[in-house]
Every structure is written in C-alpha cells, then in structure tokens.
Number of protein chains: 2
Amino acid sequence: MAGIQKAKSEETQRRVLEAAVKAVEKGGLEALQIRKIAADAGYSVGSVYKHYEDQDALVTAVDTVTLARIKAAMAQAVDGISDPLAQLKALARAYLAFAQQHRNLWQTLFALKMAEGAPTPDIHVQELVDLLGFIAGPLRQLEDGLDEETLAARTRTCFAALHGLVAISLEDRFVGLTEDVLDREMMFLVERLAGR
Amino acid sequence: MAGIQKAKSEETQRRVLEAAVKAVEKGGLEALQIRKIAADAGYSVGSVYKHYEDQDALVTAVDTVTLARIKAAMAQAVDGISDPLAQLKALARAYLAFAQQHRNLWQTLFALKMAEGAPTPDIHVQELVDLLGFIAGPLRQLEDGLDEETLAARTRTCFAALHGLVAISLEDRFVGLTEDVLDREMMFLVERLAGR
DNA sequence: CCTAAAAAATGAACAACGTTCACTATTTGA
DNA sequence: TCAAATAGTGAACGTTGTTCATTTTTTAGG
C-alpha cells in the first residue's frame with residue numbers, strides 16, 4: 001500500500017468540511033467554531049489547521065459548497081422550460097426557495113466577513129458567473145438587440161433586484177409578507193424587469 | 001447643584017456611542033471592541049456596560065444612528081422635487097450614495113448579527129416605516145388605483161430591489177460596474193418598477 | 001523485515017476577546 | 001455632616017482563534 005497518506009489527508013479534509021457545513025446549517029456563522037468542528041469531525045484542532053489556513057478559509061470552503069448547491073438548484077429549476085419569461089420566474093422561485101430552506105448557509109454566503117484585502121477565490125467568481133449565466137440566457141431572448149456589455153450589466157441588475165427581495169424577505173425587521181403576496185410581488189418584479 | 005449625575009450619565013452614554021460609531025466607520029463591525037471603545041471614550045470597560053447591556057446593544061445603538069442618517073439623506077433627496085418619478089430616482093441615487101460614502105455603517109446595519117430571538121427595537125421599526133414612506137408617496141401617485149395593502153407590499157418590493165442593487169454593487173465578488181453604467185442600470189430599474 | 005525521513009495528528013499554551021463583579025470615588029438628599 | 005445611591009474602576013474569568021513542540025503513523029530504500 002502506498003496511498004494511505006493521501007487517502008487520510010483527503011478524508012480528514014472532507015470530514016472537517018462536512019462538520020463545518022453541518023455546523024453552519026444548524027447554527028449559522030457563529031456556530032463555525034474550530035474546537036467544535038474538530039470534535040465533531042473526530043480530530044484535534046491542529047488537524048483542522050493542517051487543511052484550512054484559518055477560520056476564514058473554512059468559511060470560504062463552506063460558501064463554495066453553498067454556491068454549488070445554489071447552482072444545482074438553478075439548473076434544476078430551468079430544466080425542461082423553454083419560454084424565457086417562464087425560465088426567469090422559475091429561477092426566481094428557486095432562488096427564494098433555496099434561501100428559505102437553507103437560510104443559514106445563504107446568510108453566511110452573503111455575510112461578507114472576509115478580510116478586507118482578501119481576494120475572492122477563483123472558484124467563487126466562476127460559480128457566480130455561471131449563476132448569472134442562467135439569467136443572461138432568457139434575458140437575451142427577451143431583450144434582443146442588446147449589446148453584450150449592456151446585457152451583462154442588465155443581468156447583474158436583475159439578479160441584484162431579486163437578491164434584494166429575497167434578502168429583505170428573510171429579515172425579521174421588515175413586516176413579513178404572506179407567502180402568496182411574496183410570490184405575487186416576486187412575479188411582478190420579474191415581469192417588470194423582463195419588460196412584460 | 002442637583003443634576004450632575006444625570007449630566008454625567010448622559011455624557012458617558014453619548015461619548016461611548018460616539019466612539020462606537022467612529023470605530024465602525026473606520027473599521028467596520030469587527031472594530032466595535034469594548035476595550036478599544038472604552039479607551040477611546042475615556043472610560044473603563046465597566047462603564048460601557050453601565051449604559052449598554054452588551055456588545056449587541058451597542059451595535060443596535062450604532063445602527064439607530066445610521067438609520068437616522070439615512071432618513072435625513074432621503075428627506076434631503078426629495079426636497080424640492082414634485083415629479084413622482086424624479087423623486088424615486090433621487091431617492092435611489094441618495095441611497096446608493098449613502099451606502100458608498102458610509103460603507104461600513106451601511107454594511108453593519110445589514111450585517112444581521114443580532115441574536116436569533118432578539119426582537120427588533122421599536123425605534124428601528126419606526127425608522128424603517130418612515131424610510132418606506134418616502135417610496136410609498138411617489139408610488140401612490142404613479143400607480144393610482146392600488147389598494148393600500150398592495151401598495152405597502154409594492155413599496156417593500158421596490159425598496160428591496162434597490163437595496164439589492166446597492167448591496168451587490170458594494171461587493172467585490174461581482175464584476176464591478178462603472179459609475180456611469182451603475183447609474184444607468186439603477187435608473188432602468190426605477191423606471192421599470194415605476195411602470196414607465 | 002528494519003529504519004530513518006516525511007507526513008499526519010495531538011493537545012497544551014498563548015493572546016485577544018466579551019463579560020462580570022467586588023471595590024473605590026463621587027454625588028445626592030436630609 | 002453623613003449615609004444611601006449612583007458613577008466609575010480594573011483585575012479576573014471563561015471562551016474564542018491560533019501556534020507549535022511533541023508523538024504517532026506512513027513511506028521508501030537497503
């Protein structure tokens with residue numbers, strides 16, 4: 001046998017990340033404590049630092065998992081739908097549903113706790129580009145004649161508007177809306193943005 | 001003399017809050033450290049706890065200041081403007097400008113670090129209602145025939161969409177837009193939401 | 001198989017943080 | 001003048017993230 005070290009290393013990294021994701025899912029960003037995660041994963045604190053430089057690196061890893069899950073949810077949402085407006089509506093509903101069902105993961109992703117000078121990891125940038133791609137597709141069909149640069153900005157605007165609606169909906173500070181009313185407002189937003 | 005205690009108490013509370021606001025302005029939420037604030041204000045740590053129950057209470061107090069400043073900026077933005085669409089555009093520009101110029105205060109306000117079960121302070125709720133009022137006014141003129149309940153939901157939707165645009169704009173993760181393009185996108189959003 | 005180097009894993013120790021509380025200093029009202 | 005009430009202090013505690021000397025396990029060559 002000659003791969004035990006690699007196997008051990010990978011398993012440790014995987015189990016630590018698993019414990020971190022579960023911790024965030026259950027208790028939010030505050031629950032991502034090195035000691036607790038090390039214990040849950042079955043290792044000592046030192047082992048965690050062998051695979052993740054610091055706490056922020058672990059948060060980033062959890063965020064990567066979250067982004068992948070959102071991407072999967074988006075892909076599933078548009079699957080089998082051809083009408084562009086219907087695609088946008090499905091994407092909006094899927095985004096809201098993910099945020100509601102994985103509230104802690106979603107909030108941690110947008111918690112912005114990263115150190116000021118820390119650059120966004122390439123994998124995150126790529127995932128975000130992919131996410132925007134889901135929106136850019138139907139938007140290109142709806143608003144033809146738009147140059148690519150404007151389309152990119154418009155795509156970002158649409159995502160941002162939807163993101164804001166979801167973010168405010170998850171806050172307790174604002175008056176809560178019925179699920180029906182929220183869905184109606186979200187559809188209104190999508191239709192207006194789509195120019196319909 | 002018979003009011004020294006009250007004066008001292010008020011001055012301490014005021015100076016601690018001042019130090020807290022300045023700390024957040026300079027270094028964000030992470031900079032709101034009790035020891036540092038106590039030292040900056042010229043008191044001991046114990047005195048801080050005489051006026052603010054814990055760190056969260058201080059954050060809440062800072063957020064209250066932030067909300068008041070946003071409210072003032074909004075009021076100034078619509079001052080002298082009668083056209084409803086122009087009012088909405090001015091409000092949007094003012095909201096973005098505030099977030100850009102007081103980035104740390106704004107991000108702290110929406111950091112959502114509050115304890116799960118902690119209720120939103122009444123003063124915050126009132127300020128948020130006032131903020132939404134700025135939007136509800138012109139919206140009522142633009143979309144007449146809307147019942148009050150729908151108008152309230154619509155107002156929240158418009159604010160949320162704008163809020164999302166501003167939030168995404170302040171993130172480094174997303175591709176940055178030129179100030180020109182960003183303003184164009186924001187105006188596009190407002191016009192579409194206003195039904196124009 | 002044996003053994004020395006490399007890698008994985010440990011957990012005590014450190015620094016920094018929020019928070020508490022016994023204590024001192026000041027102010028109040030009579 | 002003095003005792004109660006209030007303002008203010010800072011050492012001490014528990015809990016964090018992080019480091020690193022040490023031990024345990026794995027690898028590869030003779």
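Residues are numbered from 1 along each chain as its sequence is written, while chains are lettered from A and ligands numbered from 1 in the order in which they are written. Because the model is predicted, local features need pLDDT of at least 70 and side-chain atom pairs count only at pLDDT 80 or more, whereas totals for chains, interfaces and linings use all residues.

**Surface near DNA strand C**

Around DNA strand C there are 23 residues, of which Tyr43(A), Gly46(A), Ile4(B), Asp54(B) and Gln55(B) come nearest; a residue is near a strand if its C-beta atom, placed from the backbone, lies within 6 Å of it. At least two residues of this surface come from each of α1 (4–27) and α3 (45–51) of chain A and α1 (4–27), α2 (34–41) and α3 (45–51) of chain B. Helices here are DSSP runs (H or I, at least four residues), numbered from the N terminus. The surface near DNA strand C comprises eight nonpolar, 11 polar and four charged residues, where Ala, Val, Leu, Ile, Met, Phe, Trp, Tyr, Cys and Pro count as nonpolar, Asp, Glu, Lys and Arg as charged, and the others, Gly among them, as polar.

**Interface between chains A and B**

In chain A, 27 residues are in contact with 27 residues of chain B; contact requires C-beta atoms, placed from the backbone, within 7 Å. On the chain A side, α7 (122–142), α8 (148–170) and α9 (179–193) each give two or more residues. The most come from α8(A), with 11 residues. By class, this side of chain A has 15 nonpolar, six polar and six charged residues.

**Two helix pairs**

Axes are lines fitted to C-alpha atoms, for helices over the stretch in contact, and angles run from 0 to 180 degrees between N-to-C directions.

| Helix pair | Angle | Axes |
|---|---|---|
| α4(B) and α7(B) | about 20° | 10 Å apart |
| α8(A) and α9(A) | roughly 165° | within 10 Å |

The angle makes α8(A) roughly antiparallel to α9(A), a term for angles over 145 degrees. Their crossing is right-handed, meaning that the near helix is turned clockwise from the far one by less than a right angle. Cys158(A), Ala161(A), Leu162(A), Leu165(A) and Ser169(A) of α8(A) meet Leu182(A), Met186(A), Leu189(A) and Leu193(A) of α9(A). The residues of this contact are eight nonpolar, one polar and no charged.

Definitions and conventions
Contact = placed C-beta atoms within 7 Å. Parallel < 35°, antiparallel > 145°, perpendicular 65-115°, else oblique.
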